[in-house]
Amino acid sequence: MSWVRVEDRLPEKQGMYLVVFNMDERTRVSYSLWEQKARGKFGWRSRERVRRKAITHWMPLPKRPEEE
């Protein structure tokens, strides 16, 4: 997996993704939900209330570890 620039493309399906965003003059990594919103448009929803334009990169979450 590698980071995808938001300028290049956005996720094709709804789900949780790792995101890189700039906030308070710092670059941070977190997770965010890419979801369908009003009128069929998609957008990011994050617990940190990141502005949509602040997100610069995204990647799918890695698979969960298998239980032993």
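User: How is the model numbered, and which pLDDT do local features need?
Analyst: Residues are numbered from 1 along each chain as its sequence is written, and side-chain values use heavy atoms, with hydrogens and water left out. This is a predicted model in which totals for chains, interfaces and linings use all residues, side-chain atom pairs count only at pLDDT 80 or more, and local features need pLDDT of at least 70.

User: Which element of the chain has the highest mean pLDDT?
Analyst: pLDDT is the predictor's confidence in each residue, from 0 to 100, and the chain averages 84, with 90% of the residues scoring at least 70. Where pLDDT is low, the predicted coordinates should not be read in detail. Among the elements of the chain, the lowest mean, 81, belongs to β4, and the highest, 95, to β1.

User: In what order do the five strands form the sheet?
Analyst: Strands are DSSP runs (E, at least two residues), numbered from the N terminus, and two of them pair if DSSP finds at least two bridges between them. At the edges stand β1 (4-5) and β4 (42-45), each with a single partner strand, so one side of each is left without a neighbour in the sheet. The sheet is open and its pairing antiparallel, with the order β1-β5-β2-β3-β4.

User: Which residue in β5 does Phe 21 stand opposite?
Analyst: Strands β2 and β5 run antiparallel and are joined by five bridges. Across from Phe 21, the residue in β5 is Ile 55.

User: What is the phi of Arg 39, in the turn between β3 and β4?
Analyst: Strand β3 (residues 26-36) pairs with β4 in the antiparallel sense over four bridges, and Glu 35 stands opposite Gly 43 in β4. The two strands form a hairpin with five residues between them, and in its turn Arg 39 has a positive phi of about 55°.

User: Why is the pair of Tyr 17 and Trp 58 edge-to-face?
Analyst: The whole structure holds two aromatic pairs, where rings of Phe, Tyr and Trp (its six-membered ring) pair if their centres lie within 6.5 Å, and planes under 30 degrees apart count as stacked, over 60 as edge-to-face and the rest as tilted. This pair links distant parts of the chain, since Tyr 17 lies in strand β2 (residues 15-23) and Trp 58 in strand β5 (residues 55-60), 41 residues apart. The centres of the rings of Tyr 17 and Trp 58 are 5.3 Å apart and their planes stand at 85°, so the pair is edge-to-face.

User: Which backbone nitrogen lies 3.0 Å from a polar atom of the side chain of Gln 14?
Analyst: Gln 14 has its place in the loop between β1 and β2 and is partly exposed, with a relative accessible area of 48%. Not counting residues up to four places away in sequence, Gln 14 touches (heavy atoms within 4.5 Å) Trp 34, Glu 35, Gln 36 and Phe 42. The backbone nitrogen that lies 3.0 Å from a polar atom of its side chain belongs to Gln 36.

User: What relative accessibility does Ser 32 have?
Analyst: Ser 32 is found in strand β3. Leaving aside neighbours within four places in sequence, Ser 32 is in contact with residues including Tyr 17, Val 19 and Trp 44. Ser 32 counts as buried, at a relative accessibility of 1%.

Terms used: Buried means under 20% relative accessible area, exposed over 50%, partly exposed in between (1.4 Å probe, protein chains only). A polar contact is a pair of N or O atoms within 3.5 Å; within protein, one must be able to donate a hydrogen and the other to accept it, and residues adjacent in sequence count only if both atoms are side-chain atoms.
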